[in-house]
Amino acid sequence: MGPHVVPRQLVWLSRWQAVCAWGASVQHRTQAGVSRIPSLLSPAGALGSSPLVRRSSSSTPPGAPKVVLTQQRYPVTRLPFSVVSEEDLAAFERILPGGVVTDPEVLEASNVDWLRTVRGCSKVLLRPRTSQEVARILRYCHERNLAVNPQGGNTGMVGGSVPVFDEIILSTTLMNRVISFHSMSGTLVCQAGCVLEELSRYVEERGFVMPLDLGAKGSCHIGGNVATNAGGLRFLRYGSLHGTVLGLEVVLADGTVLDCLTSLRKDNTGYDLKQLFIGSEGTLGVITAVSIQCPPKPRAVNVAFLGCPGFAEVLQTFSSGKELLGEILSAYEFMDAECMWLVTHHLHLASPVQESPFYVLVETSGSRAGHDAEKLSDFLERALSSGLVTDGTVATDQTRLKALWALRERISEALSRDGYVYKYDLSLPTERLYDLVSDLRARLGSQAKHVVGYGHLGTGGDEHHGFCWPVAQGFFKFEHRTVTVPPTWGDGNLHLNVTSEAFSPSLLAALEPYVYEWTARQRGSVSAEHGLGFKKRGVLSYSKPPEALRLMQQLKALLDPKGILNPYKTLPAQA
């Protein structure tokens with residue numbers, strides 16, 4: 001069912017070569033003598049090109065079967081919304097001259113999710129440029145009882161960004177303007193349609209970084225990131241968007257513009273309304289602008305890619321990294337051997353280390369290269385000498401950093417080329433994080449092509465690092481305090497993926513509700529960072545009590561009484 005994994009060999013690494021030559025290979029001894037794994041510096045050890053992942057729906061690829069309509073595949077009934085008429089199209093054209101799209105070929109891309117698992121049948125796509133245009137559109141739709149599907153980069157994993165039936169697609173693509181950037185505080189204010197990669201480039205040119213990074217950064221919009229509370233690869237260092245987003249501008253269902261676009265980090269006046277919309281997936285309002293805090297750009301970044309003999313060693317290596325790397329540890333990602341097989345087989349990337357049951361990517365980010373190098377060297381020496389790590393390589397050069405990150409970031413792309421993908425995004429106690437993968441391999445047997453697990457550690461954390469981001473050197477005194485929260489290391493984020501040749505109702509029945517029941521028994525979350533969208537809305541009760549569900553439904557009814565905003569998403573269907 002998966003790639004052959006070579007058992008742990010009697011191999012140990014004599015010493016880490018990174019101290020003297022960053023990017024150098026790791027030397028290890030075998031019974032046959034001393035061998036050297038190719039460095040990332042050499043062509044033989046290169047990972048090849050590592051293009052940024054650009055997820056987007058597109059026209060049906062040549063030879064690919066057309067995606068089945070969501071309403072045909074899933075048991076869902078259209079709610080009594082109005083149908084778009086010629087009069088409606090004329091009204092939209094008056095609001096958005098030249099911004100109304102009805103061409104079926106153009107609409108095909110926006111009706112299908114990038115995973116090609118769900119498809120709507122919308123007949124109209126609207127492309128506003130300003131929040132006032134969004135307000136006029138929603139005011140009109142509210143009066144006419146027309147359902148609206150907000151859409152950013154359409155990179156979501158749970159069917160939240162495409163219509164289920166014929167909802168109007170409201171795209172933020174043309175809302176891509178940076179409004180302001182404060183070079184002292186690092187506060188960025190921009191429209192919701194700005195692409196994350198372009199924002200990253202913009203702030204990095206000014207000495208800062210975005211507090212989130214995703215594999216889909218080349219396509220995803222910051223408004224969509226906020227609407228889904230995207231986690232991503234910098235969560236360990238900078239936390240969630242609930243903490244880094246300072247303010248929002250949101251248009252409500254009736255066209256009211258809620259301007260909470262503050263740039264203040266301290267504002268204790270009444271309810272923090274922006275938090276309602278972070279993670280609401282476009283069901284409470286349409287985010288049109290974002291104010292976000294950007295931390296200073298690290299002066300020294302190192303990435304180590306390591307092979308581990310088992311998941312217990314993955315956890316112990318993480319524990320050692322937290323202890324020895326401390327404040328410079330910015331990412332800790334893991335992937336299993338089947339993930340490596342998928343990216344090498346489907347994407348033709350090359351592994352820089354010998355075959356291992358598990359792989360770990362460790363990133364450090366700091367302000368002093370020498371200091372960080374010494375700490376990383378100490379960490380790696382301990383991991384290697386104790387047998388937690390059997391092989392590895394280190395990079396600091398931007399090209400090689402991206403090449404190593406590509407192995408992790410492009411797993412989802414590789415999975416999409418393996419067949420139909422059943423995706424699960426779970427928060428679980430770290431000590432049980434990988435157990436579900438092993439359990440499912442035994443449960444599913446030959447029904448599945450691959451059952452893989454990868455993700456992040458330290459997303460919940462047993463430690464909270466009380467750092468502040470200095471707005472200018474000397475303005476703030478840095479103080480670091482660590483608070484321990486027993487009894488575990490907190491939660492980890494497992495991306496559990498199962499592939500098959502095609503969609504299989506029997507395989508789905510074997511997976512669900514089994515995966516959700518297993519997660520609930522561990523007091524985990526059925527969605528760590530992807531949201532609920534259309535696909536997961538019916539399983540919210542596995543993570544939230546009935547009282548919480550009722551309150552969510554009351555908030556939805558208060559802010560969107562007609563239910564026109566992203567219907568059939570996030571909340572369970574009401575009888």
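**Figure 1. Glu333 and Arg408, a buried pair.** Glu333 is buried, and Arg408 is buried too. This is a predicted model, and in it the two side chains form a salt bridge whose closest N and O atoms sit 2.7 Å apart. The partners come from distant parts of the chain: Glu333 belongs to strand 14 (residues 329-336) and Arg408 to helix 13 (residues 398-409), 75 residues apart. As a reminder, side chains of opposite charge can pair when their charged atoms come close.

**Figure 2. Arg441 reaches Asp336.** Here's another salt bridge, this time between Arg441 and Asp336, with 3.0 Å between the closest N and O atoms. Arg441 lies in helix 15 (residues 435-444) and Asp336 in strand 14, so this pair ties together parts that are 105 residues apart in sequence.

**Figure 3. A salt bridge between two helices, Glu323 to Arg382.** The side chains of Glu323 and Arg382 meet in a salt bridge, at 3.5 Å from N to O. Again the pair links distant parts of the chain, with Glu323 in helix 10 (residues 311-325) and Arg382 in helix 12 (residues 369-385), 59 residues apart. Is Glu323 buried or exposed? Glu323 has 55% relative accessibility, and exposed means over 50%, so it counts as exposed. Arg382 has a relative accessible area of 39%, so it is partly exposed.

Figure 4. Phe311, Phe334, Phe358 and Tyr434 are linked into a cluster by ring pairs. The protein's count of aromatic pairs comes to 16. Arg206 lies over the face of Tyr202, 3.6 Å from the ring centre. Arg443 does likewise with Tyr514, lying over the ring's face at 3.9 Å from the centre.

Figure 5. Which order do the four strands follow? Reading across this open sheet, the order is 4-5-7-6, and the pairing is mixed. Strand 4 (100-101) and strand 6 (148-151) are the edge strands, each pairing on one side only. Strands of a sheet pair through backbone hydrogen bonds, either parallel or antiparallel. Strand 6 and strand 7 (residues 168-171) go the parallel way, over four bridges. To find your place in this view, look for Asn149, whose bridge partner in strand 7 is Ile169.

**Figure 6. The whole protein, for context.** Zoomed out, the protein has 18 helices and 21 strands. Of its 575 residues, 57% are buried. Among contacts with a separation of 6 or more, 77% involve residues 24 or more positions apart. The accessible surface comes to about 24,300 Å², and carbon and sulfur atoms account for 53% of that area.

Conventions. Residues numbered from 1 in each chain as written. Predicted model: local features only at pLDDT ≥ 70, side-chain atom pairs only at ≥ 80, totals over all residues. Heavy atoms only, no water. Salt bridge = Lys/Arg side-chain N within 4 Å of Asp/Glu carboxyl O. Buried < 20%, exposed > 50% of the residue type's maximum accessible area, 1.4 Å probe, protein only. Contact = heavy atoms within 4.5 Å. Areas by Shrake-Rupley, 256 points an atom, 1.4 Å probe, with all protein chains shown as cover. Phe/Tyr/Trp six-rings, centres within 6.5 Å; stacked < 30°, edge-to-face > 60°. Lys NZ or Arg CZ within 6 Å of the ring centre and 35° of its normal. Pairing = 2+ DSSP bridges.
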